[in-house]
Amino acid sequence: MSRTRGTWNTKGVWATGVALAAVVGLTGYLALSGGSDSGHEGTGAGGAKPGVSSSASATPAYQVPDDWTEPDRWAALPRGARTDKWGSEVDYPQTTNGAVAMLAAAQSTTVDEQKSTVDEHLRIYHSYIAAQDQSGAAAERVELGAVQTDKTLHRQMGVKPGSPLPSGAYVRTAVVGFKVIKDSTDEVSVWLLTRVVQKNGETAKEQVAFTRSVVAARWEHGDWKTSAEATVAAQRQVQGQPKPAGAAPGDEKFNRAGWTAIREAS
C-alpha cells in the first residue's frame, strides 16, 4: 500500500483539491447562496478559486510509514437499502453509523472519461441534499459551479474544456475516516477525512491528498440527508477548536487525532 508524499502548493496536488472542493463544499455552498456566513472562497496555487466553504481544509499527502500502526477504532458502515434513479445508494438505517454512511457516500465520487464533474455533483444534489435546500435555483447554482470546476480540471489535465479527459485520467474521492462531533436520533454532525486520488493520464503518476471537512445529516422522510442548516451549526460549534490532524490510516497521528477508520461493509 503506497501513497505519494507531496506539498499542498504543488500544481498537481492543488488540482486534486479543486476537483474535491465543490463536492465537500456542496452543502456549505448551498447555505452560502442563501446568505450564510459559514465560509469564504479561498485562493489556491496559481490563483485558482475552488469556491468551497472554509470548513473543508486540505492537508498534505502522506506516505504510509514503514511500521503500520493499526487504527484503534474501526467501523463497518452500513450500505443503503436500495439504489435510486440517480445511481446512488439511499435508505440508510436511523443510526449514527447510518448517517455517517450517507455522508461518506455523498463525498465518494469518480470523475473520468465517462462521468463529468457535472454528472457527479448533480447526482449528489438529487440523492443526498435535504429537501429544504433544494430548489430550481439551487440546482442551477450546483450545475454552474460544477461546470467551472470541470473547466479548471480539464485545463489542469492539459485538454480543452468540453473535450474528453485524457485516456486513463480520473479523480476519485473516498472517505477513509470520521470523527463524530454530535449525534442524536435525528441529527448527526462529523468531521470527515477524505482521500483524493488524481491521475492525469495513462502514463501519469497518481497524486494523493487528504482533506478534512465538517458536515451534518438530518433524518428526513425515512432517510438521512445532508443539511446545510445543520452543517452550518456544526461548523460554528467547532469554530476555534483544534482541527483533527489530517493523517492517513496507518499513521500513528490518525489514532492520536481520534479518527475512526472505515471498513468495507460486507
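**Figure 1. Overall view of the predicted model.** Residues 24 or more positions apart account for 67% of the contacts in the protein that have a separation of 6 or more, a contact meaning heavy atoms within 4.5 Å. This is a predicted model, in which local features need pLDDT of at least 70 and side-chain atom pairs count only at pLDDT 80 or more, while totals for chains, interfaces and linings use all residues. Residues are numbered from 1 along each chain as its sequence is written, and side-chain values use heavy atoms, with hydrogens and water left out. The protein has seven helices and 10 strands, where helices (H or I, at least four residues) and strands (E, at least two) are DSSP runs numbered from the N terminus. Of its 266 residues, 52% count as buried, with buried meaning under 20% relative accessible area, exposed over 50%, and partly exposed in between (1.4 Å probe, protein chains only). The accessible surface comes to about 12,300 Å², of which 47% belongs to carbon and sulfur atoms; these areas come from the Shrake-Rupley method with a 1.4 Å probe, and for residues only the protein chains shown count as cover.

**Figure 2. Confidence along the chain.** The mean pLDDT of the protein is 80, and 74% of its residues reach 70 or more, pLDDT being the predictor's confidence in each residue, from 0 to 100. Over residues 1-25 the pLDDT is below 50, and this stretch has 69 contacts in the model beyond near neighbours in sequence. For residues 31-55 pLDDT likewise stays under 50, and the model has 45 contacts for them beyond four places in sequence.

**Figure 3. Strand 10 and its two partners.** Strand 10 (residues 260-263) pairs in the parallel sense with strand 2 (residues 74-76) over three bridges, two strands being paired if DSSP finds at least two bridges between them. Within this pairing, Ala 76 has Arg 263 of strand 10 as its bridge partner. Strand 6 (residues 170-183) runs antiparallel to strand 10 and is joined to it by two bridges, with Phe 178 standing opposite Thr 260. Thr 260 is buried, with a relative accessible area of 13%, and, leaving aside residues up to four places away in sequence, it touches Arg 73, Trp 74, Ala 75, Val 176, Gly 177, Phe 178 and Phe 254.

**Figure 4. Helix 5 and its buried face.** Helix 5 (residues 136-156) has 21 residues and reaches 30 Å from its first C-alpha to its last, close to the 30 Å expected at 1.5 Å a residue; the expected span is 1.5 Å times one less than the number of residues. Its buried residues are Ala 138, Ala 139, Val 142, Ala 146, Thr 149, Asp 150, Leu 153, His 154 and Gln 156. Seen down the axis of helix 5, these buried residues fall within an arc of 150°, so they line one face of the helix, the arc being that of the directions from the helix axis to the C-beta atoms. The face turned away from this buried side carries the exposed residues Gly 136, Leu 144 and Arg 155. Just after helix 5, Gly 158 takes a positive phi of about 80°.

**Figure 5. Helix 4, a mostly covered helix.** Helix 4 (residues 117-128) has 12 residues and reaches 16 Å from its first C-alpha to its last, close to the 16 Å expected at 1.5 Å a residue. Nine of its 12 residues are buried, namely Thr 117, Val 118, Glu 120, His 121, Arg 123, Ile 124, Tyr 125, Ser 127 and Tyr 128.

Figure 6. Strand 8 (207-220) is mostly covered, 11 of its 14 residues being buried. Strand 7 (residues 187-199) pairs with strand 8 in the antiparallel sense over 12 bridges, and Val 196 stands opposite Ala 209 of strand 8. Strand 8 also pairs with strand 9 in the antiparallel sense, over four bridges, and Trp 219 has Trp 224 of strand 9 as its bridge partner. The hairpin of strand 8 and strand 9 has two residues between the strands, and in it His 221 takes a positive phi near 50°. His 221 is exposed, with a relative accessible area of 78%.

**Figure 7. The loop residue Asp 91.** Most residues other than glycine have a negative phi. Asp 91, although not a glycine, has a positive phi of about 65°; it is found in the loop between strand 4 (89-90) and helix 3 (96-105) and is partly exposed, with a relative accessible area of 29%.
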